[in-house]
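Student: I would like to go through this model with you. Could we start with the terms and then turn to the architecture?

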Amino acid sequence: VMDQHLAILQQYKLDFTQYETENKKLLLTSIYELIPAELNEQNKRFKLADIDKKLRFEKMSDSFTWLWKAGVALPVFNITEPKMPLLLNHGGGGRNVEKQHGIGSRKSEFVKLKIINQEKDINKGAIYENVAAQELIAHGCRCYYYNNKKQGELDFVVEHDGAVLPIEIKSGKDYKKHSALVQVLQNENYHLTRAIVFSNSNVE
């Protein structure tokens, strides 16, 4: 299975190369190769400085858009407030398109081997969030996340049944500890009535 997966990834890379040859401004391969490493970081946000410290999002936006449209990378947009409609609460631009999820690259092969070997030093949080992003988008959700210095960060915020629905993804045993989620739910300005925490526990 891993050999077949790698063959598919190599086909993607061949496709990238021809577009990058036609348009020297595209940095598709650089972004694509960095996604697994960026997901493994604590804040799980894509940093342009990891490609080149001089890069600005305005010059890179076409590369990100190309990967999103190709279905290779999945964007999760930052919102200023968890209020309806979410589309009006994100401003586009570099600061607001920060999380990247997507299919693995060569750099993620070592993670697969660790899972198969049942090693314990795996960042399951990054893997779980990636799965959640793919499932949410496959079910027609446009994904956002919320980050506030006072209240904390919510992994995902989506619109569901005409309302804002915060979603937290927990990989460990501390799934009942989610201070950011509690604070946002208690904020009367947001009028949130429910939230969902996905974890390894049973349904409750």
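Tutor: Two strands pair if DSSP finds at least two bridges between them. Helices (H or I, at least four residues) and strands (E, at least two) are DSSP runs, numbered from the N terminus.

Student: What kind of model is this, and how are residues numbered?

Tutor: This is a predicted model: local features need pLDDT of at least 70, side-chain atom pairs count only at pLDDT 80 or more, and totals for chains, interfaces and linings use all residues. Residues are numbered from 1 along each chain as its sequence is written, and side-chain values use heavy atoms, with hydrogens and water left out.

Student: How many helices and strands are there?

Tutor: The protein chain contains 7 helices and 6 strands. Read from the N terminus, their order is α-α-α-β-α-β-α-α-β-β-β-α-β.

Student: Which residue takes a positive phi in the hairpin of S4 and S5?

Tutor: Asp161 does, with phi near 55°, and this hairpin has 2 residues between the strands. S4 and strand S5 (residues 163–169) run antiparallel and are joined by 5 bridges. Within this pairing, Glu159 stands opposite Val164 in S5.

Student: And how many bridges join S3 to S4?

Tutor: There are 4 bridges, and S3 and S4 run antiparallel. They also form a hairpin, with 3 residues between them. Asn148 has Gly152 in S4 as its bridge partner.

Student: Changing topic: what share of the residues counts as buried?

Tutor: Of the 204 residues of the protein chain, 41% count as buried. Buried means under 20% relative accessible area, exposed over 50%, and partly exposed in between (1.4 Å probe, protein chains only).

Student: Which residues touch the most other members of the largest nonpolar core?

Tutor: Those are Leu67, Tyr146, Leu154 and Val157, in a core of 29 residues. A nonpolar core is a set of buried Ala, Val, Leu, Ile, Met, Phe, Trp, Tyr and Cys residues joined through side-chain atoms within 4.5 Å.

Student: What does Leu154 touch, leaving out residues up to four places away in sequence?

Tutor: On that basis, Leu154 touches Tyr145, Tyr146, Pro166, Glu168, Ala180, Leu181 and Val184. Contact means heavy atoms within 4.5 Å.

Student: Which residues of H7 are buried?

Tutor: In H7, Ala180, Leu181 and Val184 are buried. They cover an arc of only 100° around the axis, which puts them on the same side of H7. The arc is that of the directions from the helix axis to the C-beta atoms. The buried residues of H7 pack against S3, S4, S5 and S6, while Ser179 and Gln186 are exposed on the other side of H7.

Student: Now H1: which of its residues are buried?

Tutor: Leu6, Leu9, Phe16 and Glu20 are the buried residues of H1. Their arc around the axis is only 70°, which puts them on the same side of H1. The face turned away from that buried side carries the exposed residues Asp3, Gln4, Gln11, Leu14 and Glu22.

Student: What does Thr29 touch, with the sequence neighbours up to four places away not counted?

Tutor: Thr29, which lies in helix H2, touches Lys13, Phe16 and Glu20 on that count.

Student: Last topic: how many aromatic pairs does the structure hold?

Tutor: It holds 4 aromatic pairs. Trp68 and Phe77 form one that is edge-to-face, at 5.8 Å centre to centre with 75° between the planes. Rings of Phe, Tyr and Trp (its six-membered ring) pair if their centres lie within 6.5 Å; planes under 30 degrees apart count as stacked, over 60 as edge-to-face and the rest as tilted.

Student: Which residues do ring pairs link into a cluster?

Tutor: Ring pairs link Phe64, Trp68, Phe77 and Tyr144 into a cluster. Phe77 counts as buried, at 9% relative accessibility.
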